Amino acid sequence: MATRPTGIDPSAQPAKRPAPFWQRLNTFFTFPLQSKPLMYSLLLALSSMLFKVIVFLPDALGILILEIGILLAASRYGFKVTALGSRGIYKAEDYPSELDPDWKNLPWKLFAILMVQGFVVGWLQRLSPTLGTLAWLAVCFLLPATQIVLVQTCSFTETLNPANAWNAVRTIGWPYLLLCLFLFLLSQGTFIALGMLLPLFKGWILLPIVNWVLIYFSWVMASLLGYAMYQNHEAFGIDLLPGAGLDDDETPVDRRTPRQIEQDAIDAQVAELVTAGNVTAAVAMAYEEQRTRGEEVPAQRRYHRVLALAEGKTATLLDHAQRYIPLLLRSGQSSDAIKAFQTCRSKDADFVLQDAAATLNLAKAAWNAGDASLALAVLQGFDRRFKDHDSVPAAYELVARVLLQGLNRTDMALRVLATLESRHPDAEATRETRWLLRNHLPQGAAGG
């Protein structure tokens, strides 16, 4: 069953009851046309032409293998659409990066369930044609409810129990009949669309078009089914994800992504712990988040700030900064990187970064921010700490530039140039530094 992610404020869930699914039809038809699902569907559809690459198999067998793969991939994404739709997420760009691994197996479980149901219907058909027909109609009628139970429980045995499917029908109530009608019309719409498109295309493009139409309508149906669950999420016992629900013209729209809302909620919890004086618990909470979100700046920033406040955590703060500052630089947040470095220097005056590229980039950020002294402090001892590293000449060049243009120390900049010319005479940085100091070189030496 669905569980609320840790650290989420239930108040972030919409208070208003969702609109009926028959008032949101445009949402379902446009979902596969959002940028991410559209690109994925086109990629899947076009991949059907790869059968020519499978040279060791006949074309027909190659097409069959590819079509099975496309069907599996499209089905998995369709179940993802339904599962996240049931939790109120209807923008593909808001899908969380980490999904329930059980969802990957749902296509196989549904296939197995349909096979078992087919055997039962066939057995009843042999006993009595009338009984077999009634069983087939019951299976068709309960198919949407069967998928609902499968998405909610991810369990083969629970979904195979027709009583659970019937409970899902009772939970939705009379609108279930309307849901079945819409799903039936969508399935018929697939064939109508194909009937209109097939006479217009011939040759190699035909199979990708058929695939895309099938994928499009299947994801429309998946989106509709997910919304029907979302509409009745309280009755189903489904907890919503942060940012759940569709934009409503009557209420202000929260433009934050679900992950941003979750991060804000965690920030508030950590801040509350710090305010209450329980810094140890705040550090523990921030640590766990940054451990599982190594490339997320907000999680790393939160941990850095809490460590800076905690007693006896200087060593941990400095160790974490070795990863946090390079992450900030890679993310284009150079001002935050400078602040983090200065925080570490306030704790330990000898603090330096252990990565040559990050050190040089941090010094460049400080220089671009107009802080010549900090740029030199970052680069202090660079050639000794990163001996023989490819970036040593570039570091020398930056030191000379800072000395000349930032501190007006031409004499020291000339000494840096002399070091470059003796140690790295052929480096591009040496030529750049010589050009930089061309007006201060003895006559005839500027050209090298």
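Analyst: A helix axis is a line fitted to C-alpha atoms over the stretch in contact, and an angle between axes runs from 0 to 180 degrees between N-to-C directions. The model discussed here is predicted.

User: How many helices and how many strands does the secondary structure of the protein come to?

Analyst: The protein has 448 residues, of which 42% count as buried. Its secondary structure comes to 21 helices and zero strands.

User: Are helix 19 and helix 20 roughly parallel or roughly antiparallel to each other?

Analyst: Helix 19 covers residues 392-406 and helix 20 covers residues 410-423; they pack at an angle of about 165°, with axes 8 Å apart. An angle over 145 degrees counts as roughly antiparallel. Helix 19 and helix 20 are therefore roughly antiparallel.

User: How many nonpolar residues does the contact of helix 19 with helix 20 have?

Analyst: On the side of helix 19, the residues include Tyr396, Val399 and Leu403, and they meet residues of helix 20 that include Met412, Val416 and Leu420. By class, this contact has two polar residues, two charged residues and, as the number requested, 10 nonpolar residues.

User: Is Ala321 buried or exposed?

Analyst: Ala321 lies in helix 14, which spans residues 314-330. Beyond its neighbours within four places in sequence, Ala321 is in contact with Pro326, Cys344, Phe351 and Leu353. A residue counts as buried under 20% relative accessible area. The relative accessible area of Ala321 is 0%, so Ala321 is buried.

How values were computed. Residues are numbered from 1 along each chain as its sequence is written. This is a predicted model: local features need pLDDT of at least 70, side-chain atom pairs count only at pLDDT 80 or more; totals for chains, interfaces and linings use all residues. Side-chain values use heavy atoms; hydrogens and water are left out. Helices (H or I, at least four residues) and strands (E, at least two) are DSSP runs, numbered from the N terminus. Angles under 35 degrees count as roughly parallel, over 145 as roughly antiparallel, 65 to 115 as roughly perpendicular and the rest as oblique. Contact means heavy atoms within 4.5 Å. Ala, Val, Leu, Ile, Met, Phe, Trp, Tyr, Cys and Pro count as nonpolar, Asp, Glu, Lys and Arg as charged, and the others, Gly among them, as polar. Buried means under 20% relative accessible area, exposed over 50%, partly exposed in between (1.4 Å probe, protein chains only).
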